[in-house]
Amino acid sequence: MSFKRVAILISGGGSNMVSLVQSMTGDHPARPCLVLSNQADAGGLAKAEAAGVPTAVVDHRPYGQDRAAFEAELIKPILESQADIVSLAGFMLVLTDGFVSQFQGRMLNIHPSLLPKYTGLNTHARALAAGDAEHGCTVHEVTAVLDDGPILGQAFVDVDPGDTAATLASKVLVQEHKLYPQVLRRYAAGDRKPIELR
Ligand code: GRF
């Protein structure tokens with residue numbers, strides 16, 4: 001069996017990355033080939049190494065506003081890893097059109113809201129402020145538009161009285177860890193029909 005190769009991009013703790021890596025065993029159609037961070041101190045790097053996944057760091061800071069120069073470096077380890085699929089998992093930089101187009105149809109992202117609601121940051125506080133009864137997370141294909149692109153799956157949580165942005169974030173994160181592996185497994189097998197988890 002030939003496995004799809006998955007490069008996972010992170011910026012922080014990497015809990016979603018860990019849930020993806022742990023899922024890719026047995027009859028799963030994919031295997032992790034790289035964990036790549038734009039932050040040298042991302043906690044997820046040690047977790048990837050512990051799991052035996054090759055890691056790389058491309059720090060964005062030396063490039064300042066020069067996104068093209070940064071992305072020209074960022075893409076190198078991904079191409080070297082021969083990734084078939086790129087999974088953004090808490091990767092906190094916006095990628096330009098030029099980069100995204102090179103992985104069109106094979107790049108995924110997880111976003112902590114029920115898209116199309118609340119693209120961008122502070123999603124939990126915004127769901128609370130809007131008085132939403134439910135909130136959640138979305139896995140979608142990445143296109144040139146931020147937090148846009150075909151939805152591949154959504155997982156829901158109830159917003160309870162007394163929830164804060166922090167409690168909502170942890171409830172949603174639990175769902176992220178279930179949703180992303182399920183979507184990736186289906187995606188790697190060629191199934192792009194959206195799923196819903198409640
Ligand atoms: C997650 O909520 C993800 O959706 C995001 O940032 C958080 C990253 O968490 N945008 P982790 O690095 O996967 O633990």
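This is a predicted model: local features need pLDDT of at least 70, side-chain atom pairs count only at pLDDT 80 or more; totals for chains, interfaces and linings use all residues.

**Where α1 meets α6**

- Helix α1 covers residues 15–23 and helix α6 covers residues 165–188. Their axes come within 9 Å and cross at roughly 40 degrees.
- As for handedness, α1 and α6 cross in a right-handed way.
- On the α1 side, the contact is made by Ser15, Asn16, Ser19, Leu20 and Ser23. On the α6 side, look for Leu173, Glu176, His177, Tyr180, Pro181 and Leu184.
- Sort the residues of this α1–α6 contact by type and you get five nonpolar, five polar and one charged.

**What α1 buries**

- Asn16, Met17, Ser19, Leu20 and Val21 are the buried residues in α1.
- What do the buried residues of α1 pack against? They pack against β1 (4–10), β2, α2, β4 (85–88), β5 and α6.

**Asn38, a loop residue**

- You'll find Asn38 in the loop that runs between β2 (30–37) and α2 (43–50).
- Is Asn38 buried or exposed? With a relative accessible area of 2%, Asn38 counts as buried, because the cut-off for that is under 20%.
- The Asn38 side chain has a polar contact with the side chain of Ser11, at 2.7 Å. The Asn38 side chain also makes a polar contact with the side chain of His60, at 3.1 Å.
- Setting aside neighbours within four places in sequence, Asn38 is in contact with Ile10, Ser11, Val58, Asp59, His60, Phe70, Phe91 and Leu93.

**Leu121, another loop residue**

- Leu121 sits in the loop between β5 (107–111) and α5 (123–129).
- Leu121 is exposed: its relative accessible area is 58%, and the label applies because anything over 50% counts as exposed.
- If you leave out residues up to four places away in sequence, Leu121 touches Met92 and Arg126.

Notes
Residues are numbered from 1 along each chain as its sequence is written. Side-chain values use heavy atoms; hydrogens and water are left out. Axes are lines fitted to C-alpha atoms, for helices over the stretch in contact, and angles run from 0 to 180 degrees between N-to-C directions. Helices (H or I, at least four residues) and strands (E, at least two) are DSSP runs, numbered from the N terminus. A crossing is left-handed if the near helix is turned anticlockwise from the far one by less than a right angle, and right-handed if clockwise. Contact means heavy atoms within 4.5 Å. Ala, Val, Leu, Ile, Met, Phe, Trp, Tyr, Cys and Pro count as nonpolar, Asp, Glu, Lys and Arg as charged, and the others, Gly among them, as polar. Buried means under 20% relative accessible area, exposed over 50%, partly exposed in between (1.4 Å probe, protein chains only). A polar contact is a pair of N or O atoms within 3.5 Å; within protein, one must be able to donate a hydrogen and the other to accept it, and residues adjacent in sequence count only if both atoms are side-chain atoms.
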